[in-house]
Amino acid sequence: MDRNLAGKVALVTGGGSGIGRATAIAFARNAAAVVVADADAARGVEVVKLIETQVDARAMFIQVDVTDAESVKAMMRSAVERFGAIDMAFNNAGVPDRAASLHVSTQENWDRVMSVNLEGVWHCMKAELDHMLIAGKGAIVNNASRSGLVGVPSDGVYGAAKHGVVGLTKAAAIEFAARGIRINAVCPGLVDTALTRERFGDELLARAQTANPLGRMAQPEEIADAVVWLCSDAASFVVGVALPIDGGQTAR
Ligand SMILES: NC(=O)c1ccc[n+]([C@@H]2O[C@H](COP(=O)([O-])OP(=O)(O)OC[C@H]3O[C@@H](n4cnc5c(N)ncnc54)[C@H](O)[C@@H]3O)[C@@H](O)[C@H]2O)c1
């Protein structure tokens, strides 16, 4: 089984930056047509241009707010109208927890983190499943986190959302496997992106050196490769996993 995705169409939410950007490019390098969906139009359009000019693959940008179910449905409609189908979806759009500690976490922080990181994934899965169930095939990967597998201090709200993403992934994976749709999650550790820099600021490099046995952050491309593999036929028997990609951090 190979990872040639020619003739297939991939959707990446949060595709304008970080892990989503790297995954959109990786899908394109494996010959898929790519829908880059993001709230930030400037960044999303830049990724589409890069794919068209440097990878020579087909791509389109759709502005979406994953917290809004109607916006997500419109995203799916536009994508299918342009490319005919969505075969693979990476539900990746996310925001960091802004709380220093759970007991001082605000309602605003809870609402923002839950609505983007958990409810947003649910909205996307619903719209993707509506489409994939008619097609009778598809692959979905949700971006959870190491914080979706273990407790991480000062990441309580984010961790609750990401544990929720793992729960949604496993339940849906079991429910829809027999109908041709494979659903999995990735659980990255520290990845060198804008989100991580916003979350940890000046502490980041020191944190990365001790976070895992490799003593460094991942590059977004190291997560992207796993997502492309999970969506490809090379992972045809992989269903309902929450795959740690964290340099061994959760193995400790
Ligand atoms: N960076 C890490 O260390 C790390 C680790 C584990 C998991 N993750 C998860 O990976 C995902 C991507 O994170 P990243 O580090 O690449 O972040 P990033 O900030 O580089 O990219 C996130 C993207 O999501 C988009 N986005 C935010 N809210 C949105 C919304 N409501 N609708 C549509 N798009 C929206 C942003 O515009 C941005 O382009 C997130 O779900 C994050 O929780 C990141």
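Helices (H or I, at least four residues) and strands (E, at least two) are DSSP runs, numbered from the N terminus. By that rule, the secondary structure of this chain comes to 8 helices and 7 strands. The radius of gyration, taken over C-alpha atoms, is 17 Å, close to the 18 Å that the globule rule gives for 252 residues, so the chain is as compact as a globular protein of that length. The globule rule is 2.2 Å times the number of residues to the power 0.38. This is a predicted model, in which local features need pLDDT of at least 70, side-chain atom pairs count only at pLDDT 80 or more, and totals for chains, interfaces and linings use all residues. Residues are numbered from 1 along each chain as its sequence is written, and side-chain values use heavy atoms, with hydrogens and water left out.

**The whole chain**

- The C-alpha trace spans about 45 × 35 × 35 Å along its principal axes.
- Of the 252 residues, 53% count as buried (under 20% relative accessible area; exposed is over 50%, and partly exposed lies in between, with a 1.4 Å probe and protein chains only).
- Among contacts (heavy atoms within 4.5 Å) with a separation of 6 or more, 71% come from residues 24 or more positions apart.
- The chain exposes about 11,300 Å², and carbon and sulfur atoms supply 53% of that area; the method is Shrake-Rupley with a 1.4 Å probe.
- The chain has 24 positive and 28 negative charges, and their mean positions are 3 Å apart. Lys and Arg count as positive and Asp and Glu as negative, while His and the chain ends are not counted.

**Asparagine 117**

- Asparagine 117 lies in helix H4, which covers residues 107–135.
- Asparagine 117 counts as buried because its relative accessibility is 0%.
- A polar atom of the asparagine 117 side chain lies 2.9 Å from the backbone nitrogen of valine 95.
- Leaving out residues up to four places away in sequence, asparagine 117 touches Ala93, Gly94, Val95, Tyr158, Ala161, Lys162 and Val165.

**Two loop residues with positive phi**

- Alanine 31 sits in the loop between helix H1 (18–29) and strand S2 (33–38). Its phi is positive, about 80 degrees, although alanine 31 is not a glycine.
- With a relative accessible area of 41%, alanine 31 is partly exposed.
- Aspartate 56 is found in the loop between helix H2 (41–55) and strand S3 (59–63). Aspartate 56 is not a glycine either, yet has a positive phi of about 60 degrees.
- The relative accessibility of aspartate 56 is 70%, so this residue counts as exposed.

Conventions: The place of a charge is taken as NZ of Lys, CZ of Arg, CG of Asp or CD of Glu. A polar contact is a pair of N or O atoms within 3.5 Å; within protein, one must be able to donate a hydrogen and the other to accept it, and residues adjacent in sequence count only if both atoms are side-chain atoms.
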